[in-house]
Amino acid sequence: MRRTRSSEPLWWIPFAGGMMLDALVLPALILITGILLPLGLVSPETLHVLVGLPVVRVALAVLIALTFFHAAHRLRYALVELGLHALKPVLPWLCYGGAVVGSAYTLLVAFRLI
């Protein structure tokens with residue numbers, strides 16, 4: 001009897017990467033944009049120049065894309081645990097498909113293609 005291989009390890013990689021980057025980088029981004037910017041300790045012009053750098057755009061696009069995959073993985077298993085067992089075959093396509101579409105849109109916006 002032949003066993004079929006699961007694609008599960010393929011989806012654990014971006015999940016783990018998103019989890020790690022979210023834990024390390026998002027608190028700093030929240031501090032900068034949620035506290036320092038409203039208090040006037042960081043100027044909007046400085047952030048605009050910083051986000052204009054290609055390296056920063058790539059870093060933000062990767063962070064956002066990995067966050068999409070992290071959220072998709074958590075959402076998939078949360079919905080199964082909530083009792084949506086009938087949707088179990090479709091959930092990976094919906095969740096990870098949404099993450100792929102969101103990541104593609106993020107890359108298009110990051111490089112000003114749309």
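Trainee: Which residues does Arg 57 touch, not counting residues up to four places away in sequence?

Mentor: This is a predicted model: local features need pLDDT of at least 70, side-chain atom pairs count only at pLDDT 80 or more, and totals for chains, interfaces and linings use all residues. Residues are numbered from 1 along each chain as its sequence is written, and side-chain values use heavy atoms, leaving out hydrogens and water. Contact means heavy atoms within 4.5 Å. With that cut-off, Arg 57 touches Val 51, Gly 52, Val 109, Ala 110 and Arg 112.

Trainee: Which backbone oxygen does the side chain of Arg 57 reach?

Mentor: Start with the place: Arg 57 is found in helix H3. Helices are DSSP runs (H or I, at least four residues), numbered from the N terminus. At 3.3 Å, the Arg 57 side chain reaches the backbone oxygen of Val 51.

Trainee: How far away is the nearest side chain of opposite charge to Arg 57?

Mentor: Arg 57 is buried and has no salt bridge. A salt bridge needs a side-chain nitrogen of Lys or Arg within 4 Å of a carboxyl oxygen of Asp or Glu. Lys and Arg count as positive, Asp and Glu as negative; His and the chain ends are not counted. The nearest opposite charge is on Glu 45, at 16 Å.

Trainee: Is His 73 buried or exposed?

Mentor: His 73 is in helix H3. Buried means under 20% relative accessible area, exposed over 50%, and partly exposed in between (1.4 Å probe, protein chains only). His 73 has a relative accessible area of 2%, so it is buried.

Trainee: Which side chain does a polar contact of 2.5 Å join to His 73?

Mentor: A polar contact is a pair of N or O atoms within 3.5 Å; within protein, one must be able to donate a hydrogen and the other to accept it, and residues adjacent in sequence count only if both atoms are side-chain atoms. His 73 is in contact with several residues beyond four places in sequence, including Trp 11, Phe 15 and Tyr 96. The polar contact joins the side chain of His 73 to that of Tyr 96.

Trainee: Is Ile 13 buried or exposed?

Mentor: Ile 13 sits in helix H1, residues 8-39. Its C-alpha atom is 9.5 Å from that of Leu 66, 53 residues apart along the chain. The relative accessible area of Ile 13 is 62%, so Ile 13 is exposed.

Trainee: How far are the C-alpha atoms of Pro 27 and Leu 108 separated?

Mentor: Pro 27 lies in helix H1, while Leu 108 lies in helix H4. They are 81 residues apart along the chain, and their C-alpha atoms are separated by 25 Å.

Methods:
Helix = DSSP H or I, 4+ residues; strand = E, 2+ residues; numbered from the N terminus.
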